[in-house]
Amino acid sequence: MRRIIPSILSILGISAIVTIAAPNPHPNIVFIFSDDHSLQTIGAYDARLSEFCKKQKVTPNLDRLAAAGGLFVNSFCGNSLCSPSRASVLTGLHSHSNGVMLLDHPIAPGVWTFPGNLRDAGYQTAVIGKWHLASTRPTTDYWRILPGQGTYWHPDLIGPDGKEKEAHKGYTTDILTDMGLDWLQHRDKTKPFMLMLQHKAPHRPWIPPTRYYQWLADVKIPEPESLFDDYSGRGSPAHNQKMEIAKQMTLNEDLKLPVNAKSPGENNRMTDAERADWQAAFGPRNESFAKANLQGRELTRWKYQEYMKDYLRCIKAVDDSVGRVLDYLKAEGLDGNTVVIYSADQGFYNGEHGWFDKRWIYEESIHMPFIVRWPGVVKPGTRFIPMVQNIDYAATFVDIAGGKVPEGLHGRSFAPILRGQTPADWRKSVYYHYYDGGHSVARHYGVRTDRYTLAHFYQTDEWELYDLQKDPQQMRSVYSQPAYAKTVVELKAELERLRKQYKDSPDLDPPDRSKKTTSASEKKSS
Ligand code: CA
């Protein structure tokens with residue numbers, strides 16, 4: 001916004017005013033947040049599939065958002081799972097302090113969340129889409145949330161008056177976008193706004209919209225080098241997990257087989273006509289798969305290709321959503337005064353180590369994409385290097401809105417970094433603690449620095465250390481190598497410092513659910 005500021009000349013009695021551009025102290029905020037979108041499947045990043053994504057135009061709108069603003073190369077979560085990450089975003093606290101250590105738990109009563117702060121500061125606020133925090137309800141002026149994981153088609157929604165069953169017909173990513181734009185159109189235009197548009201996609205079971213059924217059908221997705229990882233060089237947790245494409249990815253639900261399946265997924269609510277479109281698109285593929293009788297590595301390779309295609313098709317629809325929001329802001333003249341942020345609740349494995357899903361402190365799952373456009377503040381094309389974490393989002397949003405960040409948060413505003421001024425005492429490491437146990441991933445806490453990842457799998461008292469400079473794919477723990485003895489001592493001290501700073505302790509661990517049968521939690525994995 002342009003503000004007319006009297007110049008020093010007028011104070012001196014010289015009749016002149018100077019018009020300068022100054023950032024609005026209360027810019028609008030649009031936070032687009034997706035579910036399980038890996039950083040490596042965004043063209044604008046420099047990650048494994050970025051070149052592929054650029055070439056195939058998987059994320060053209062996210063790429064244009066990044067080009068007009070900046071992206072964070074070192075953006076991390078503190079607990080790589082849906083509900084815990086969302087709770088950390090809202091509260092500015094690590095899991096052990098906000099009550100959401102496990103999947104689908106509510107935020108502890110009385111814990112501060114940032115949207116209420118913005119609302120009280122005069123913003124119009126809304127949450128639309130995926131929420132996944134059990135009985136916790138948004139404190140925004142307007143909210144419509146998906147129950148639990150939500151569905152890919154004809155979604156139920158929950159609002160202040162209860163559940164709206166199949167209130168909206170169509171593909172969920174598109175419906176949520178329609179609702180977001182509708183809310184923007186009918187908002188009180190005298191106030192700044194903060195919209196959280198939170199997609200279910202591209203979460204498992206990766207059901208794409210009809211318009212992308214055939215897209216990428218004849219394209220080969222690059223395989224990761226570690227697709228057939230045997231986990232030698234790591235401890236028992238990597239051997240004991242149950243999140244492998246080869247073993248745990250299901251042919252029927254995840255890969256939409258067999259040919260005559262009534263439903264291509266547990267979340268499917270297709271009409272007969274929509275199901276006919278599905279069969280027309282996927283029937284021939286399924287028939288040729290049945291004839292090929294693939295086994296062993298060839299079967300895994302096929303699964304990887306088909307999983308990735310559906311995953312990217314879902315992402316393409318999310319990217320369409322981003323494009324529609326950007327176009328709307330531009331058409332309404334709001335783009336110059338609106339901070340647009342894109343992020344996802346954690347990273348995801350796209351075949352690296354043979355895996356899908358997330359949960360680990362390892363690279364693909366601890367990273368979160370974070371792209372931000374803030375006209376007049378963030379220099380176009382900036383690649384931010386400082387380490388930020390999901391616990392920082394709440395303070396950052398309050399800071400951007402010109403509000404007062406409360407005391408006692410674990411996170412810290414990185415608005416100064418956006419403005420080009422990284423504080424001298426900015427963090428050099430991030431703390432991580434995973435508890436849930438789904439997919440048989442063992443509990444662990446650890447620390448990630450610019451060069452190292454140190455993890456403690458404390459149920460079996462196993463330690464791992466990775467040197468990211470020499471082993472970026474984390475194939476071999478060097479914890480026991482004498483050359484790293486000093487590093488281990490230093491990192492353990494740093495980890496202990498962080499555990500004290502955040503007041504984490506073994507007494508705070510929730511009951512261990514890992515002994516339960518894993519099938520239910522795997523099916524519902526977030
Ligand atoms: Ca998620």
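Where does S440 lie? S440 sits in the loop between strand 15 (429-434) and strand 16 (444-449). Helices (H or I, at least four residues) and strands (E, at least two) are DSSP runs, numbered from the N terminus.

A word on the ground rules: this is a predicted model, where local features need pLDDT of at least 70, side-chain atom pairs count only at pLDDT 80 or more, and totals for chains, interfaces and linings use all residues. Residues are numbered from 1 along each chain as its sequence is written, and side-chain values use heavy atoms, with hydrogens and water left out.

S440 isn't a glycine, yet its phi is positive. N293, in the loop between helix 9 (272-292) and helix 10, is another non-glycine with a positive phi. Buried means under 20% relative accessible area, exposed over 50%, and partly exposed in between (1.4 Å probe, protein chains only). At 22% relative accessibility, S440 therefore counts as partly exposed, while N293, at 55%, counts as exposed.

The loop between strand 10 (193-198) and helix 8 (236-240) holds P202 and also P205. Both prolines follow cis peptide bonds.

| Feature | Angle |
|---|---|
| N293 | phi about 50° |
| S440 | phi near 55° |
| A201 to P202 | omega near 0° |
| R204 to P205 | omega near 10° |

Strand 11 (338-344) has seven of its seven residues buried, so it is largely enclosed by the rest of the structure. T338, V340, Y342 and A344 are on one side, with V339, I341 and S343 on the other. Two strands pair if DSSP finds at least two bridges between them. Strand 3 (residues 28-34) runs parallel to strand 11, with seven bridges, and N28 partners T338. Strand 12 pairs with strand 11 in the antiparallel sense over four bridges; there Y342 partners I371.

D345 and Q346 are buried too. Together with D35 and D36, they coordinate the calcium ion at 2.2 to 2.7 Å. Donors are N, O and S atoms within 2.8 Å of the metal (3.2 Å for Na, K and Ca); water is not among the atoms, so sites may look incomplete.

**Helix 3 against helix 10**

The axes of helix 3 (residues 60-68) and helix 10 (residues 296-331) come within 7 Å and cross at roughly 50°. Helix 3 contact residues (heavy atoms within 4.5 Å) are P60, N61, L62, R64 and L65. Of these, N61, L62 and L65 are among the buried residues of helix 3. The cover over that buried set includes helix 10 and strand 11.

Definitions and conventions. Axes are lines fitted to C-alpha atoms, for helices over the stretch in contact, and angles run from 0 to 180 degrees between N-to-C directions.
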